[in-house]
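Subject: Structure handover

Hello,

Here is the structure I promised to pass on. Please open it first, then read my notes below.

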Amino acid sequence: MKSATGHFIAQRVTAIVLIFLGLWFATSIIGLDSFEHLNVVAFIAKPLHGIFLALMCASLAYHSHLGVQVVIDDYVHAAGLHKMSLFLSRIAHLAVLVMSIYAVFRIGASA
Amino acid sequence: MTLSILHRATGVAMAAGLVALAAWLVSAASGSADYDRFMALMSTLVGRLLLIGWSFAFFFHLANGIRHFVWDTGRGFEKRQANASAWFVLLLAVSMTAAYWTML
């Protein structure tokens with residue numbers, strides 16, 4: 001179990017990281033010449049882009065995990081359902097984290 | 001007050017959006033056939049509405065998140081200031097979303 005202060009700090013650190021990486025991602029998407037597979041894969045395969053994407057996905061998953069946890073704490077009161085929701089959210093966030101980072105590095109490695 | 005609900009709602013909406021982001025990356029990694037299938041799915045009306053919704057959620061959550069950071073420093077708490085910044089954040093998010101989709 002995470003302490004309240006730890007939660008507060010981790011939530012804000014990931015928020016600051018996501019201000020930069022989120023805006024980087026949004027502008028990069030606009031900057032793409034096309035959304036053709038070859039073009040998108042070439043973009044992701046650039047080492048710096050892969051590192052930024054992996055960092056962004058990790059920060060997103062962690063920030064989202066913390067946020068959803070707060071929402072569950074506030075709205076789901078039945079003890080069993082509360083515990084189950086937290087568990088499912090944790091699994092879903094872990095799955096999304098592993099999938100996206102694996103995909104980014106897979107693309108980088110196969111380029 | 002209303003915006004704090006919207007902050008949560010946009011956050012939860014983007015949590016769901018993470019699945020689409022991961023699916024996009026995995027489809028790109030698994031080859032052009034899978035990627036094209038995923039992009040076709042996102043090009044449907046529902047797919048486009050979801051993407052527009054997620055982009056608004058992103059810009060709103062970003063702007064309102066920065067508003068929260070200002071509050072963390074102990075500033076902007078007065079009712080008049082909080083009201084003004086609420087409208088500013090909301091209008092900014094709507095115009096950023098509109099600008100984004102015209103540039104895309």
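Let me begin with a helix in chain A. α3(A) has 29 residues, which at 1.5 Å a residue should span 42 Å. Its end C-alpha atoms are 42 Å apart, so the two values agree. Bear in mind that this is a predicted model.

Which residues of α3(A) are buried? They are A:Gly50, A:Leu53, A:Met56, A:Cys57, A:Leu60, A:Ala61, A:His63, A:Ser64, A:His65, A:Leu66, A:Gly67 and A:Val68. These buried residues pack against α1, α2 and α4 of chain A, together with α1 of chain B.

**The matching check in chain B**

α3(B) has 28 residues and should span 40 Å at 1.5 Å a residue. Its end C-alpha atoms are 40 Å apart, which agrees. The buried residues here are B:Ser55, B:Ala57, B:Phe58, B:Phe59, B:Phe60, B:His61, B:Leu62, B:Asn64 and B:Gly65. What covers them includes α1 of chain A, along with α1 and α4 of chain B.

B:Asp72 belongs to α3 of chain B. B:Asp72 counts as exposed because it has 10 C-beta neighbours inside 10 Å, and the cut-off for exposed is 12 or fewer. B:Asp72 and B:Ala84 are 12 residues apart in sequence, and their C-alpha atoms are 17 Å apart in space. Just after α3(B), B:Gly74 takes a positive phi of about 90°.

**How α3(B) and α4(B) pack**

Two packed helices are described by the angle between their axes and the distance between the axes. For α3(B) and α4(B), the angle is about 145° and the axes are 9 Å apart. Their crossing is right-handed.

Which residues meet there? From α3(B) come B:Ile52, B:Ser55, B:Phe56, B:Phe59, B:Phe60, B:Ala63, B:Asn64 and B:Arg67. From α4(B) come B:Ser85, B:Val89, B:Leu92, B:Ala93, B:Met96, B:Thr97, B:Tyr100 and B:Trp101. By class, this contact has 11 nonpolar, four polar and one charged residues.

Take B:Ser85 as one example. B:Ser85 sits in helix α4 of chain B. Leaving aside neighbours within four places in sequence, B:Ser85 is in contact with B:Arg67 and B:Gly76. B:Ser85 and B:Ala63 are 22 residues apart along the chain, and their C-alpha atoms are separated by 9.9 Å.

**Where the chains meet**

In all, 23 residues of chain A are in contact with 22 residues of chain B. On the chain A side, the elements giving two or more residues are α1, α2, α3 and α4 of chain A. The largest share, seven residues, comes from α4(A). By class, this side has 17 nonpolar, five polar and one charged residues.

**The largest nonpolar core**

This core has 32 residues. Which of them touch the most other members? They are A:Cys57, A:Ala103, A:Val104, B:Leu18, B:Leu25 and B:Ala28. Both chains contribute: α1, α2, α3 and α4 of chain A each give two or more residues, as do α1, α3 and α4 of chain B. The largest share, eight residues, comes from α1(B).

A:Ala103 shows one such link between the chains. Setting aside neighbours within four places in sequence, A:Ala103 is in contact with B:Leu25, B:Val26, B:Ala28 and B:Ala29.

**Two residues in α1 of chain A**

A:Ala10 is found in helix α1 of chain A. A:Ala10 is partly exposed, with 15 other C-beta atoms within 10 Å. Not counting residues up to four places away in sequence, A:Ala10 touches A:Tyr62 and A:Leu66. A:Ala10 and A:Leu66 are 56 residues apart along the chain, yet their C-alpha atoms are separated by 8.3 Å.

A:Phe8 is also in helix α1 of chain A. A:Phe8 is partly exposed, with 13 other C-beta atoms within 10 Å. A:Phe8 and A:Asn39 are 31 residues apart in sequence and 39 Å apart in space, C-alpha to C-alpha.

Best wishes

Key: Residues are numbered from 1 along each chain as its sequence is written. Chains are lettered from A and ligands numbered from 1 in the order in which they are written. This is a predicted model: local features need pLDDT of at least 70, side-chain atom pairs count only at pLDDT 80 or more; totals for chains, interfaces and linings use all residues. A nonpolar core is a set of buried Ala, Val, Leu, Ile, Met, Phe, Trp, Tyr and Cys residues joined through C-beta atoms within 7 Å. A residue is buried if 20 or more other C-beta atoms lie within 10 Å of its own, exposed if 12 or fewer, and partly exposed in between; C-beta atoms are placed from the backbone. Helices (H or I, at least four residues) and strands (E, at least two) are DSSP runs, numbered from the N terminus. Two residues are in contact if their C-beta atoms, placed from the backbone, lie within 7 Å. Axes are lines fitted to C-alpha atoms, for helices over the stretch in contact, and angles run from 0 to 180 degrees between N-to-C directions. A crossing is left-handed if the near helix is turned anticlockwise from the far one by less than a right angle, and right-handed if clockwise. Ala, Val, Leu, Ile, Met, Phe, Trp, Tyr, Cys and Pro count as nonpolar, Asp, Glu, Lys and Arg as charged, and the others, Gly among them, as polar. The expected span of a helix is 1.5 Å times one less than its number of residues.
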